[in-house]
Amino acid sequence: MGTISCLTILWLLLRKFYFRNILFGALAMVLFLLIGILSFQARLPAHQPKHFECFLSDENQKLVEFKVLEILKSDTYNFKYIAQINKVGSFKTTGKVLLSLQKDSLNTPLNIDNSILVKTLIERAPYSKNPYQFEYKNYLKTLDVYHQTRIKASEILKISTTEKTIRGTAESAREFLIHKLSATPIPIRERAIIQALVLGQKRDIDKTQYQEFAAAGAIHILAVSGLHVGIIYFILLFITKPLQYINYGRVIQSLCIITSLWTYAYITGLSPSVCRAVTMFSFLGLATLSKRKTNTANTLLLSFIFLLVYNPMLIFHVGFQMSYMAVLAIIIIQPKLYNFYTPRNYFKRLFWGILTVTIAAQIGIMPLSLYYFHQFPGLFFISNLVILPFLSLILGGGILIILLAAVNFSWNWVYLSYGWIVRQLNNFIKWISQQDSFLFTDIFFSAEMLIASYFLLFNFILFWNKQSFKRITLILVSILMITGIFHWQNHKDLESELVIFHKSKNSLITIKEGNNLQVISTDSINLKHEYPLKSYIIERNITEIKYLKFQNIFTYKNQLYTIVDSTAVYCAKFQNAIVVLTQSPKVNLERLIDGLQPLQVIADGNNYQSYVERWKKTCLNKKIPFHSTYEKGAYNID
C-alpha cells in the first residue's frame, strides 16, 4: 500500500506538467497492475491465516460446517454447489469448496444460504487424468476454489437456513418467478428458452436444444450477458428520453437506467455474468451522467479495469473475455463497416446495421471461439440477422410474460401466443443447425495462433484508421508470424506418441505417428467423437484414424507391450516387456513378475481400484515401477 500511495502522490505532483499524459498513463498502468497483483495474492489460501486449509492437518474426516454460496449445474449423479466453510471442528474458518451431494430418491437440492453440518473428508481438486481434456481444476481456481468434498444426504447431521444474503434473496426471487412461469400453459421446451433468455437459468434446456443453438451460432442468446443487458439498456434509454427535457433530467434518467439494470440483475439471481454486464453498462450510464465528452472505448476499458481490481480471476473466465472482445469490436469495427454502404430505406439501414454489428462481434470473438470451442458456425450471420431484429421484442415480451405470471394473470392466450413465437425461434434455430455443410467443427487452433491472430487484427485496425508504410510492415510481420507458427506446429505434429488413457469400462490405447492415429480399444464403436479421444484428436491435429482389433501384444519404438486382460492369459516367453493390466484380471502378479521380468507395470482405469491398490503394493515389494492412471493420469510416452 505504501508503493501505491507514493505513486498516487507522485502523480498529483506531476500532473500539471506538460508531459502529464504520458506519466498518467504509465503510473495508472503500474498502479492497477500492483493492485491486481496484491488482490490476486490476497485470494490465495496460503495468504489467508483463517483459511480452512490451515486446519486440515491429516487425511481423516472432519466435522465441517458448510454454507451454500452458489448452485452449479448438476450432473447425472450429483447436485453441485460452491460452498463456504465456516467451521472445521471448533475453529472458525474461511475459504470455498466444491460440494457434491449425491442424488437419491429422497433428498432434495440445497438452496443458497443453507447451512449444513457433516463429517467429511476435504480433498484437493484433482487434475484431469487424460491429455488435452477440459481442466476443471483450473476453472475452479478462477472461482477461488481449490478443494472439493463429496457427501450423501444420510451423512448430513444438521441442515438449517442462515441469515439471508443479497445473493440468497435474489436467487429466491428468481426461483419464485420460475415457479410462477411453470404454472402457465407454455410448453416446457419454450419455457426453458424463456427462463434462459430472461432469467439466466439454463438448467431446463436439454442437450439437443443447446447443441442446436451452438451449431447455429446463436448460443450467446441463451446466456444472459452483455447482449441482453445492452438491449435492455437501449430500451430504457429510449423509454426515459422524455426525462431529458426537465430540470436535472439527464441525472434522473441515468439514475433510473442504472437502478433498473441492477433490478434486472437482481431478478436474474445476481449471476456473475449478469453482474459483469450490468457493471459495464452502469459505467456507460455514469459517463452520460457526468455531462463530459467521453470515449465509449475508454469507458468500456474503465469498467474492465474496475472488475479486474475487484476480482483479478475474471480475466481467466471465457465469458468475460468474449463479452469484452465482442463489445470492443462493435465499438471499433462496426462504424467502419457501416460506412461502406449507406442505404436510403429505413429497413435496409436497420438490417445493414444489424449485419455489421454481427460481423464486427464475430470478428472480435472468432479467435477466442476457435481456441476454446474449436468450431465456427458458417451461417452465424443468417441466424443473427433474423434473430437480432426481434430479440429486443422477444426479450421485452419475456419480461412482460414473467411479470404477468408473477401476478397470476389468467389470460392463457397471451402465454400461448408468446410461446408460439418462441417455438418459431426454436424451429428456425433447428433448421439452421441442420445445415451441416456450413458448420466447421474440430478446428485445431493453438494459444500461439490466438495471440498472433489478435496481433494481426490490431495491426489491421491501425492501418484502417491511417495508412502508412510502417503499419503495412506490421501487418506483413503479423502474417509472417502466423505462417511461422503454422509451419512450426506442422513440424511439431509429426512427433510420435503412445498414450494409455484413463477410461472406465473401456481400454483405450493410441499410437500417434505424424498426423495418423492408431486406436486400440475394447469398444467396437467409432470413438472419434467420444470422450476422451475427441479433444486429443483436435489438439494433436490428427487427420487420419485407424481402428485396430484389440490385441494382447504390440510394439512401440522397439519396446514390447503385453496387455493382460480379464482372461488373465499372457505368454511367458515375452520377457522385459511393459505389462498393461486392464479389465481387472484375476492374475497372480508376483508370479507374473517373476516369469516376465517386466520393465514396468501399468494399470488403466478399466480396473477395480481395490485390485490396483493390491498390485501397487506388489510392485513396490518387487521394486518394479508401477503406473496407475487413477493416481497419475494417462500413461504418455513419446
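Tutor: Start with a term. A residue is buried if its relative accessible area is under 20%, exposed if over 50%, and partly exposed in between; the probe is 1.4 Å and only protein chains count. Helices (H or I, at least four residues) and strands (E, at least two) are DSSP runs, numbered from the N terminus. This is a predicted model: local features need pLDDT of at least 70, side-chain atom pairs count only at pLDDT 80 or more, and totals for chains, interfaces and linings use all residues. Residues are numbered from 1 along each chain as its sequence is written, and side-chain values use heavy atoms, with hydrogens and water left out.

Now the close look. Take helix 5, residues 188–199. Of its 12 residues, 10 are buried, so the rest of the structure largely encloses this helix. Which ones are buried in helix 5? They run Glu190, Arg191, Ala192, Ile193, Ile194, Gln195, Ala196, Leu197, Val198 and Leu199. After helix 5 comes Gly200, with a positive phi near 70 degrees.

Step back for scale. The protein has 638 residues, and buried ones make up 44% of them. It holds 21 helices and 20 strands. Its C-alpha trace spans about 95 × 70 × 65 Å along the principal axes. A contact means heavy atoms within 4.5 Å. Among contacts between residues at least 6 apart in sequence, 63% join residues at least 24 apart.

Next, a pair of helices. Helix 10 (residues 296–310) packs against helix 11 (residues 318–332) at an angle of about 170 degrees, and their axes lie 10 Å apart. Axes here are lines fitted to C-alpha atoms, for helices over the stretch in contact, and angles run from 0 to 180 degrees between N-to-C directions. That angle makes the two helices roughly antiparallel. The cut-offs are under 35 degrees for roughly parallel, over 145 for roughly antiparallel and 65 to 115 for roughly perpendicular, with the rest oblique. Helix 10 contributes Thr296, Ala297, Leu300, Ser303, Phe304, Leu307 and Leu308 to the contact. Helix 11 meets them with Phe320, Tyr324, Val327, Leu328 and Ile331. By class, the residues of this contact are 10 nonpolar, two polar and no charged. Here Ala, Val, Leu, Ile, Met, Phe, Trp, Tyr, Cys and Pro count as nonpolar, Asp, Glu, Lys and Arg as charged, and the others, Gly among them, as polar.

Asn130 sits in the loop between strand 6 (123–124) and helix 3 (136–141). Its relative accessibility is 5%, so Asn130 counts as buried. The side chain of Asn130 reaches the backbone nitrogen of His502 at 2.8 Å. Beyond neighbours within four places in sequence, Asn130 contacts Phe501, His502, Tyr531, Pro532 and Ala634.

Thr618 lies in helix 20 (residues 609–622). At 12% relative accessibility, Thr618 is buried. Leaving out residues up to four places away in sequence, Thr618 touches Leu589, Glu590 and Ile593.

Leu236 belongs to helix 7 (residues 226–239). At 16% relative accessibility, Leu236 is buried. Apart from neighbours within four places in sequence, Leu236 contacts Ile257, Ser260 and Leu261.

Methods: Polar contact = N/O pair within 3.5 Å; in protein donor to acceptor, adjacent residues only side chain to side chain.
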